[in-house]
Amino acid sequence: MVVLNKIYTKTGDAGETALGNGTRVAKHDMRVTAYGTSDELNCFVGVARLEATGNVDAALSRIQNDLFDLGADLCRPDMEKDADAEYPPLRMADTQVARLESEIDAMNDALKPLRSFILPGGSALSAHLHVCRTVARRAERLAVELAAMETVNAAAVKYLNRLSDWFFVAARIANNGGKDDVLWIPGANRD
């Protein structure tokens, strides 16, 4: 177990940070931006958990742990060198994606099909989950952009894609099983 007793290191004062393999890069490097956004998402999930209970809270707890796994994966470049690493790098697994899909399917079984787009809101938990959904989409876009420049674990990108779907469906569940969803009324305020 690592014990941290010094919170500041001063190693980033010149605008650089270390990746998971020790390589120093600019703090605005696309890889840092991608895993930094997954960390931001994790913070929003923590805020959503303030409103969550029971199975939803337990699922959000699992997602928070997965997001740390995702950050560990994204901060480690050069997947082709994983076999040579001193310690096996942590990579997202397809089983994590499959778990999200299973949970989405179970939540969807309890919902009536949508006949309209919905607006973020309704309950406090639903509103928080919609924020999580949009930050997950941004994290996904950044991971896809990184994957266009460097090798990225495909399971990491898939996880982010399913995760935003999970947040959408969970937000509907949080709105009294979709009964309290706020429906979009196209052109309602044009007059």
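Reader: What makes α4 and α5 a packed pair, and at what angle do they pack?

Author: α4 and α5 pack at an angle of about 165°, with their axes 8 Å apart. Axes are lines fitted to C-alpha atoms, for helices over the stretch in contact, and angles run from 0 to 180 degrees between N-to-C directions. The model is predicted: local features need pLDDT of at least 70, side-chain atom pairs count only at pLDDT 80 or more, and totals for chains, interfaces and linings use all residues. Residues are numbered from 1 along each chain as its sequence is written, and side-chain values use heavy atoms, with hydrogens and water left out.

Reader: Why is α4 called roughly antiparallel to α5?

Author: Angles over 145 degrees count as roughly antiparallel, under 35 as roughly parallel, 65 to 115 as roughly perpendicular and the rest as oblique. The angle here is about 165°, so α4 is roughly antiparallel to α5.

Reader: Which residues make the contact?

Author: Contact means heavy atoms within 4.5 Å. Those involved include L129, C132 and A136 of α4, and L160, S164 and F167 of α5. F167 also touches L41, V45, L60 and I63, among others.

Reader: How do you know that the length of α4 fits a helix?

Author: The expected span of a helix is 1.5 Å times one less than its number of residues. For the 26 residues of α4 that should give 38 Å, and its end C-alpha atoms are 38 Å apart, so the two agree. Helices are DSSP runs of H or I with at least four residues, strands are runs of E with at least two, and both are numbered from the N terminus.

Reader: What makes a set of residues a nonpolar core?

Author: Such a core consists of buried Ala, Val, Leu, Ile, Met, Phe, Trp, Tyr and Cys residues joined through side-chain atoms within 4.5 Å. The largest one here has 44 residues, and L41, L60, I63, W166 and F167 have the most contacts inside it. Its largest share, eleven residues, comes from α5.

Reader: Why is D78 called partly exposed?

Author: Buried means under 20% relative accessible area, exposed over 50%, and partly exposed in between (1.4 Å probe, protein chains only). D78 has 29%, so D78 is partly exposed. D78 is found in the loop between α2 and α3, and its phi is near 60°, a positive value in a residue other than glycine.

Reader: How do you know that N176 is partly exposed?

Author: N176 has 42% relative accessibility, and therefore counts as partly exposed. Its place is the loop between α5 and β4.

Definitions and conventions
Lists of a residue's contacts leave out its neighbours within four places in sequence.
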